[in-house]
Amino acid sequence: MPRFYLPPSQCQDSTLFLAGREAHHALHVVRLRRGERVAVLDGAGHEFLCEVQQYDRDKVSLGVLETRTVPPPACRITLLQALPKGKVMDFIVQKATELGAFRILPLLSEHVVAKLGKKEMLHKSEKWQMIAIESIKQCGSAWLPRIEAPLTPTEFLARKEKFDLALIGSLQKDARHPRECFHAFQAERGRLPEAVCVWIGPEGDFTPAELEAIRAGGALPITLGPLVLRTDTAAIYCLSILNYETQSPGSKSP
């Protein structure tokens with residue numbers, strides 16, 4: 001079934017309207033016709049089963065047949081991703097969305113190659129949000145991750161945000177397997193974490209000063225195995241593990 005996206009403010013009535021990019025996709029890519037059924041996601045936990053009622057050159061009218069509410073993920077995962085060069089961040093946003101990241105925040109660490117002005121940062125953030133929208137349409141997630149404007153590690157740490165568990169991908173000798181961190185948390189708290197962040201460094205890793213500050217802020221170093229991974233591979237590796245470890249035992253596949 002084709003999926004489309006509308007923000008929550010446009011999903012309040014029994015009739016929904018696709019316009020702009022979504023209408024173009026519906027009319028010229030999917031080639032919808034009257035009576036066909038589609039799903040509309042609002043990115044805030046709702047999926048609407050709809051039937052095409054009318055359409056013209058730039059608008060599609062949909063009648064809502066059923067509304068499905070999807071609870072938020074049991075654990076809200078924040079990906080703190082050092083900004084890679086080129087279009088690698090596009091790929092990371094796409095895969096992070098598919099892997100259930102709740103929020104993605106690009107980091108401007110010392111070793112980041114890409115240097116962005118304020119105007120370009122805004123443009124990039126808008127582009128990444130559109131990539132996330134296309135990703136939830138592809139994978140069917142009812143929750144759209146929030147893409148924040150890039151910050152330096154120091155700027156983010158100054159916010160003093162609270163997480164049940166903060167982790168950092170690390171090549172340091174004292175790094176532990178992620179599972180050990182989750183088992184230790186569960187043994188101490190008697191539950192799984194509900195808010196986790198993971199720091200992923202750039203090619204060349206964070207600087208020693210950055211690593212010291214991040215660890216002083218409470219992040220636990222985790223190993224990503226014996227091989228040195230590219231930053232995009234490291235992000236996917238970590239999110240895959242977090243996605244698995246934060247599920248309740250009964251929901252995990254054997």
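At 52% relative accessibility, Arg31 counts as exposed, because the cut-off for that class is over 50%. In this predicted model, Arg31 is located in the loop that runs between helix H1 (20-29) and strand S3 (37-41). The backbone of Arg31 has a phi near 60°, a positive value in a residue other than glycine. A positive phi is also found at Lys160, a residue other than glycine, where the angle is near 55°. Lys160 occupies the loop between helix H4 (153-158) and strand S9 (165-169). With a relative accessible area of 65%, Lys160 is exposed.

The overall dimensions of the chain were examined next. Seven helices and eleven strands are assigned in the protein chain. The C-alpha trace spans about 60 × 45 × 30 Å along its principal axes. The radius of gyration is 20 Å, which agrees with the value near 18 Å that a compact globule of 254 residues would have. Of the 254 residues in the protein chain, 45% are buried. Among contacts with a separation of 6 or more, 71% are between residues 24 or more positions apart. The accessible surface comes to about 13,400 Å², and carbon and sulfur atoms account for 53% of that surface.

In soluble globular proteins, nonpolar side chains tend to be buried together. In the present model, the largest nonpolar core holds 39 residues, of which Leu79, Val93, Ile104 and Leu167 touch the most other members. Two or more residues of this core come from each of strand S6 (76-82), helix H2 (88-98), helix H3 (118-139), strand S9, helix H5 (178-189), strand S10 (195-200) and helix H7 (231-245). Helix H3 gives the largest share of this core, with six residues. Apart from this core lies another, of 16 residues, including Phe4, Leu18, Leu27 and Val40. Val93, one of the residues in the largest core that touch the most other members, is in contact with Ile104, Trp128, Ile131, Ala132 and Ile147 when residues up to four places away in sequence are not counted.

Not counting residues up to four places away in sequence, Ile77 touches Ala101, Phe102, Arg103, Val196, Leu239, Leu242, Asn243 and Thr246. Ile77 and Glu188 are 111 residues apart along the chain, and their C-alpha atoms are separated by 20 Å.

Within helix H3 lies Ile133, which is buried, with a relative accessible area of 8%. With neighbours within four places in sequence left aside, the contacts of Ile133 are with Tyr5 and Leu144. Ile133 and Phe185 are 52 residues apart in sequence, and the C-alpha to C-alpha separation of this pair is 33 Å.

Leu108 is situated in the loop between strand S7 (103-107) and helix H3. Leaving aside neighbours within four places in sequence, Leu108 is in contact with Leu83, Met121, Pro150, Leu151, Thr152 and Pro153.

Thr67 belongs to strand S5 (residues 59-69). The relative accessible area of Thr67 is 44%, so this residue is partly exposed. Thr67 is in contact with Glu47 and Phe48 once neighbours within four places in sequence are left aside. The C-alpha to C-alpha distance between Thr67 and Glu47 is 5.9 Å, at 20 residues apart in sequence.

Definitions and conventions:
Residues numbered from 1 in each chain as written. Predicted model: local features only at pLDDT ≥ 70, side-chain atom pairs only at ≥ 80, totals over all residues. Heavy atoms only, no water. Helix = DSSP H or I, 4+ residues; strand = E, 2+ residues; numbered from the N terminus. Rg over C-alpha atoms; globule rule 2.2 N^0.38 Å. Buried < 20%, exposed > 50% of the residue type's maximum accessible area, 1.4 Å probe, protein only. Contact = heavy atoms within 4.5 Å. Areas by Shrake-Rupley, 256 points an atom, 1.4 Å probe, with all protein chains shown as cover. Core = buried A, V, L, I, M, F, W, Y, C linked by side-chain atoms within 4.5 Å.
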